[in-house]
Amino acid sequence: MNNKVKVALVGICGYGDFYLKEAFKYLNKNILLSGIIDPYAKNSIHYQKLKELGIPVFDTLEDFYLSETADLVVISAPIHLHAPISMKALKNGANVLCEKPVCATYQEALKLIKAEEKCPGFLAVGYQWSFSDAIQKLKRDILKGIFGKPLLLKAFISWPRAFSYYNRNNWAGKIRSLNRWILDSPVNNATAHYLHNMFYILGKDIFSSAKPLKVTAELYRANDIENFDTAFIHCLTECKTDILFYTSHAVPSVIGPCGEFKFEHAHIYYDRTQISAKLKNGKIINYGSPNDNKLKKFKDCVEAVKNGRKAVCGVKAASSQTLCLNGAHESMPEIVSFPEEFIELSVDAKGDKTTWIRSLQEVLFRCFNQNALPSELGNVPWSREGLEVNLNEYRQFPSIYYPHSLHELATV
């Protein structure tokens, strides 16, 4: 493909603002902006510039396709709209870059996989670490067998979120809208990257992720929201590797992301600035930072469209995170609220309030260091044990055996 890539952006406020600014850099060089799809586009600080450039703005993708086309549709929309908008773009012959997560439920992911197979375009998912040079180099070495068999992968993220975070839109922290699952949580939004990444680096090639087979989760909330703000997850993958994931927004300070991957012949460590592997023979391999050039995913997808290639992180690779998330909800169908006696409240200089749990960071650290869930530590008074959920034949969230209140919501 020799011509400029025609790009349409769905959503330009919020995270979509990053894509719009990136698109401006390449405008009339190797891309053309064929349209903006956002009913609230006038709220963007770039709206006047869009008018001056003569770039059309539409409320819906359906309106866009009445007069325009796109080679690449970039989606920065609420979670529950990812699947239907991606499906619409694929069926109209476009390639798609959808922000993470790919969707809320595994059945949606399976439908998107089938749609991608039937349609001419690809569906990429914006997990930027997967597009980074650091992760790609690490994954190539894993595939070469340099580190031996993967034994245990774990990640830890402590990221406070204030009241304003949950009040920024009408779906933050929600489980469901009137007719669609949302499942917004740290596992499916702010820290989803770090869960997905562990599945991704274990995939059998650069386009795939390892599939979770079993999951046990403990899900808690401190904030006045429908869903959880704190999660402890233990997952077993198809390659018989354990994955442990610890994340919370109900904490007083930022720590992480940090991770440790134990292989037969090496330990791999990462933080926000560096991925390093230490082999048993003493050799150290530095892979650099996976945070370098966070919008590389956009550039890579433009190049993939031009050259007729697939994107390295597609819907199949991203679906492992979705499957694990759905299994985690099945493992603890009733979110556990932290007891009031453990709840603290902080107020910043702007008056924004943050709810956090006393000693929660300590429990997160202990679980990370001991490869355990809170209920397994034996002395965490608010902990509750989750069910072990078999995902081998899992196809539908919630499954037919899903207990308690959320199963009733499935029929709404």
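The second largest pocket holds about 500 Å³ of space. In this predicted model, 27 residues line that pocket, and Phe 207, Ser 208, Ser 209, Lys 316 and Ala 317 are the closest to its centre. The largest share comes from α11, with six residues.

Now turn to the largest pocket, with a volume of about 1500 Å³. Its lining consists of 46 residues, and those nearest the centre are Cys 13, Tyr 15, Ser 76, Ala 77 and Trp 171. Two or more lining residues come from each of α1 (16-26), α3 (61-65), α4 (79-91), α6 (128-131) and α9 (192-201). Which element gives the most to this lining? That is α4, with seven residues. By class, the lining of the largest pocket has 22 nonpolar, 14 polar and 10 charged residues.

Searching the whole structure for cavities of 30 Å³ or more turns up one, and the largest cavity contains about 40 Å³ of space. Around it you can pick out Tyr 165, Tyr 166, Gly 173, Asp 184, Ser 185, Pro 186, Asn 189, Ile 225, Phe 228 and His 249. Sorted by class, this cavity lining has five nonpolar, four polar and one charged residues.

Methods. Residues are numbered from 1 along each chain as its sequence is written. This is a predicted model: local features need pLDDT of at least 70, side-chain atom pairs count only at pLDDT 80 or more; totals for chains, interfaces and linings use all residues. Side-chain values use heavy atoms; hydrogens and water are left out. On a 1 Å grid over the protein atoms alone, a cavity is a set of points where a 1.4 Å probe fits but cannot get out, and a pocket is an open set with protein on both sides within 12 Å along at least five of seven lines; lining residues have an atom within 4 Å of a point. Grid points are joined across faces, edges and corners, and a volume is the space filled by probe spheres set on the points. Ala, Val, Leu, Ile, Met, Phe, Trp, Tyr, Cys and Pro count as nonpolar, Asp, Glu, Lys and Arg as charged, and the others, Gly among them, as polar. Helices (H or I, at least four residues) and strands (E, at least two) are DSSP runs, numbered from the N terminus.
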